[in-house]
Amino acid sequence: MVKDNTSSPRRSYRPGAGPAAQAYEARTGIKAPRIVAWEITRSCNLACEHCRAAAHCNPYPGELTLEECKRVMDDIASITDPILILTGGEPLMRPDIWEIIDYANELGLHPVIGTNGTLITDEVARKMAEHGIPRVSVSLDFPDETGQDRFRGKDGAFAETMEGIRNMQRHGIGVQVNTTVTKMNNHLVDELHDLALESGAVAFHPFLLVPTGRGEDLIDVELTPDEYEEVLLWAFERQQTSPMHFKPTDSPQYYRILRQQAAKAGIKVTPETHGLEAMTRGCLGGITFVFISHVGEVQPCGYFDMNLGNVKQVPFSQIWTHSPVFDDLRHYDRLKGKCGACEFKGVCGGCRARALALYGDYLEEEPYCAYEPKKYVRERVLDAVQTGFPVVEDPCGFLAETLGLSREGVVEALSELRQKGSIRRVGASFDSAKLGYVSALCALAVEGDEAALQRAADIVSEYPQVTHNYGRTDRFNLWFTVIARSNDERQRVLDQIQQRTGAVALLNLPATRKFKIAVNFTTQQRPARRPTRFADALKEREVPQLPQGEQREGLAAKVEPRKAPTAPPRAFDPSDPVDVELVRWAQGDILRLPDRVADAAGTQAAEGFAGAVSSQAAEAPAGIDERPFATAAAWVNERLGAGTVDEAAVIDRLRGWLASRTIRRMGAMVRHQRLGFTANAMTVWQAPQNQADVAGKALAESPHVTHCYTRATSPEWPYGLYAMTHARTPEELDKHVADLRRRLQEAGVADVSMRALHTTHEYKKVSMRYFEEDARPGAQGASA
């Protein structure tokens, strides 16, 4: 069992849990604040090295008066009984601090003080005790005179702080040492901990610098994410043996690290094993913690540089209840990026102040977190490789750099996505015509019951020229694609299919124009906002107008996504055996481990055809080929019995084919059902001939459309415009179809007859294996 040294032995109460707080939560559904940090003055007697202001001993303009302070405390007490941290600046420079403390105690609040410690004479310490202050936090950032005096900008500052600690101990006041960890002192944390222990402190709180808001003057000495992680790992280990109340602060990731380290030790984090740390979370800003500035501005914390309302104009309780920013912070499901996908978001939450400062959006991901949530990495990688797999020597390294991930994370994600079947293969999608093939979308009208349709589908799926085969809701209820080496071969296959299936009608619909082919099923979805309990309860009441949260540029530079190098356009040459063999390799799964891609016409062709007829194909083995284009060179050389092709030549040819659009896309082919896209429909439109181009462009602009073509028509089938759309639910699909109709109307294409052919069954879905038709099992019988 891990020793619990996270809760103070002096505290016999639970802040924010009194009758007022309980009544407030029952009334609104919102937890009352348990800690209020109040900057009662910004005046300070020191001129710290990284502070832009010199020592300023007079009150700042606009600071709350004593009467205003009392009104604020009255309002706070009406909803909660929190710990009230009186801070600054230097709070002891405010002459009426003792009156503020007394009034807080009268109201049942729990005042404590946060100070630099240099003004705590024996007299001041005695007054602290007389006015009921149980604990005082003292800032100590270096374990010696040289460092502390230089940092604080005053000779003797270290000695004065240490004397202040001794004075408070003589009067029975618990001392908490706060250390802000930066590049200047991260190598001194053990010494600072030991100094706090030797000085008799009851608590040691290392603060991980947040270089924004109150901390922006230290931005040049902030830790890197990796250094941040190292300090938190040190904190976890040091806490296990520290006799003091030890609590890393401003470091939400600590609660993720705690659980990771406990899991390694085979320990489940519970109140019995980890005390209060098992029941709290990292970022509490706007949840149970709040900051009030010297002029009355309310913020989630002192580093969150956004005014959510001023207590001079709006009561604190109203701001806490109605601020839309606070409402956002209380809903972890609204977090974005890797924080939104992280399995630890419920106990960490990331630093919202850092996200605001860096990205201009407080719900964005924590910019200083080195952890890569597996779900987030998988989603980022999957989205990226659907768009395009980089044709470079080290594609995994390229993806890692482009996405801001570790190379190991990218490799693991690709391996898992293939192994679990989300990705069918990674490889090339070729333009059939540029390889000398012809293709068409075809359909059969099959009469009879479901068994009859299944028998017909089985016959169609036998043909190696058929790559996709679906049941759809229409008289023409079996739709499939045929890719063949000539029009004569295609027609011969179609004649055989109609004769063998007994279909009463057949459609042969070659494409006449392509508007869009973009098969990219985005996985990162943002949850819709929904009303909270208090909003429902108070919607009939007058709610104050509060700041909604600002959109900002943020400090992070706008970085253009890195693009893979290109090459001049290159045409496919069917007389070049290297080109032919490279097509045979690229149309397979190029990430398949080298010992599994030795025979394209055999193993790979067989598995590509027979194994993938069902959408529930066998999952891929673990592991990927991390240098696929080097493997391609070796494979081509082996097939041709030569050694003239190297990795650079393979990359150059593939880039040339991408440039000429011979390869439409080099990327991941996915099983969209496993990604949650279980509903789809092929919409067919009878657009006027003179408006077909306008209509096609309008439909192609929809993000929900993956394919958009015009095709040949027939007397039996007057629909010439096609748009394929996918959705997660039938209801969402209906909305997509309605949106397509709206787009046509806005484009001036009105009164267009349309049918939505919903997919009822996926009988076959494979990639075409060019130049291998005769090598596949059953090919001779199918074409005989």
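Strand S2 (residues 83-87) and strand S3 (residues 110-115) run parallel and are joined by four bridges, strands being DSSP runs of E of at least two residues, numbered from the N terminus, and two strands being taken as paired if DSSP finds at least two bridges between them. Within this pair, isoleucine 83 stands opposite histidine 110 of S3. The model is a predicted one, in which local features need pLDDT of at least 70 and side-chain atom pairs count only at pLDDT 80 or more, whereas totals for chains, interfaces and linings use all residues. Residues are numbered from 1 along each chain as its sequence is written, and side-chain values use heavy atoms, with hydrogens and water left out.

Strands S2 and S3 belong to an open sheet of nine strands with mixed pairing, in the order S7-S6-S5-S4-S3-S2-S1-S8-S9. Its edge strands are S7 (245-246) and S9 (298-299), each of which pairs on one side only.

An open sheet of nine strands with antiparallel pairing has the order S14-S11-S13-S12-S20-S17-S19-S18-S15. Strands S14 (505-509) and S15 (511-517) stand at its edges, and because each has a single partner strand, one side of each is left without a neighbour in the sheet. From one strand to the next the twist averages 25°, with axes fitted as lines to C-alpha atoms and angles running from 0 to 180 degrees between N-to-C directions.

Six cavities of 30 Å³ or more were found, a cavity being a set of points on a 1 Å grid over the protein atoms alone where a 1.4 Å probe fits but cannot get out. The largest cavity holds about 100 Å³ of space, the volume being that filled by probe spheres set on the points, which are joined across faces, edges and corners. It is lined by 15 residues, of which Lys338, Cys339, Cys342, Cys348 and Cys369 are the closest to its centre; lining residues have an atom within 4 Å of a point.

No disulfide (a pair of cysteine sulfur atoms within 2.5 Å) is found in a search of the whole structure. The sulfur of cysteine 369 has its closest cysteine sulfur in cysteine 348, and because the distance is 6.1 Å, the two are too far apart for a bond. Cysteine 348 is buried, with a relative accessible area of 9%, and cysteine 369 likewise counts as buried at 13% relative accessibility, the cut-off for buried being under 20% relative accessible area with a 1.4 Å probe and protein chains only.

Methods:
1 Å grid on protein atoms, 1.4 Å probe; cavity = no way out; pocket = protein on both sides within 12 Å on 5 of 7 lines; lining within 4 Å. Buried < 20%, exposed > 50% of the residue type's maximum accessible area, 1.4 Å probe, protein only.
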